[in-house]
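Please look over the sequence and the model shown here before reading on. The report is meant to be read beside them.

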Amino acid sequence: MGSHAMTGQFNAAGQPTMPGQDAFGTIQEVVQILEADPSTDWSRVNIAALREHLIDMNEVTLRAAADQRTLENGVEIAVTGDGRTLVAIKHMVPAHVHQLVELGWNAKIEELANGVKLVVTSSDPAQVIKLKALGFMGIMVQGGHHQPHHLMMAKGEFMH
């Protein structure tokens, strides 16, 4: 059996367990979940959409500039970039505001020519300290919605 025919990760001594690239591993994991679920509607599956989203995540995480300004009650962050990074910023940051509000923070965005301005505030002094410490990426990773969101996207059930 060729190496591509093997499924799952290996933990035997001397065998790699990581797929070698995060997006590849995420897609591999999602495809394995879909294959294991007999109710998967393959006519709706859209792995290409998941791949595009993972590219957006990579661009925002590694290439976007995040200029943070401290507010008395939170943070204001200008998230900027150009080209593919700008597209990713405009896809991801506005879509994440709802999740931040569900976590109990006040969050809003303002469009900028080269990105967005994200403002996240709280009336709770402990949360204000936390927001300032987290910064842009710490704020973006809040909540447990990312993995279920990826599976829903791959199933064709959710798009930004």
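This is a predicted model: local features need pLDDT of at least 70, side-chain atom pairs count only at pLDDT 80 or more; totals for chains, interfaces and linings use all residues.

## Helix H2

Helix H2, which covers residues 47-62, contains 16 residues, and the distance from its first C-alpha to its last is 22 Å, close to the 22 Å expected at 1.5 Å a residue.

The buried residues of H2 are Ala49, Leu50, His53, Leu54, Asp56, Glu59 and Val60, where buried denotes a relative accessible area under 20%. Among the elements that cover these buried residues are helix H1 (22-36), helix H3 (84-102), helix H4 (125-140) and helix H5 (146-154).

## The antiparallel sheet

The sheet is open and is formed by 4 strands in the order S1-S2-S4-S3, with antiparallel pairing. Strand S1 (65-71) and strand S3 (106-112) each have a single partner strand and stand at the edges, so one side of each is left without a neighbour in the sheet. From one strand to the next, the twist averages 15 degrees.

Strand S1 runs antiparallel to strand S2 (residues 74-80), and the two are joined by 7 bridges; one of the residues involved is Ala65, whose bridge partner in S2 is Thr80.

## Helices against the sheet

Helix H3, which is also among the elements covering the buried residues of H2, lies across S2, S3 and strand S4 (115-121), and runs at about 20 degrees to S4. Helix H4 likewise packs on the sheet, where it touches S1, S2 and S4, and its direction makes about 15 degrees with that of S2.

Methods
Residues are numbered from 1 along each chain as its sequence is written. Side-chain values use heavy atoms; hydrogens and water are left out. The expected span of a helix is 1.5 Å times one less than its number of residues. Buried means under 20% relative accessible area, exposed over 50%, partly exposed in between (1.4 Å probe, protein chains only). Contact means heavy atoms within 4.5 Å. Two strands pair if DSSP finds at least two bridges between them. Axes are lines fitted to C-alpha atoms, for helices over the stretch in contact, and angles run from 0 to 180 degrees between N-to-C directions.
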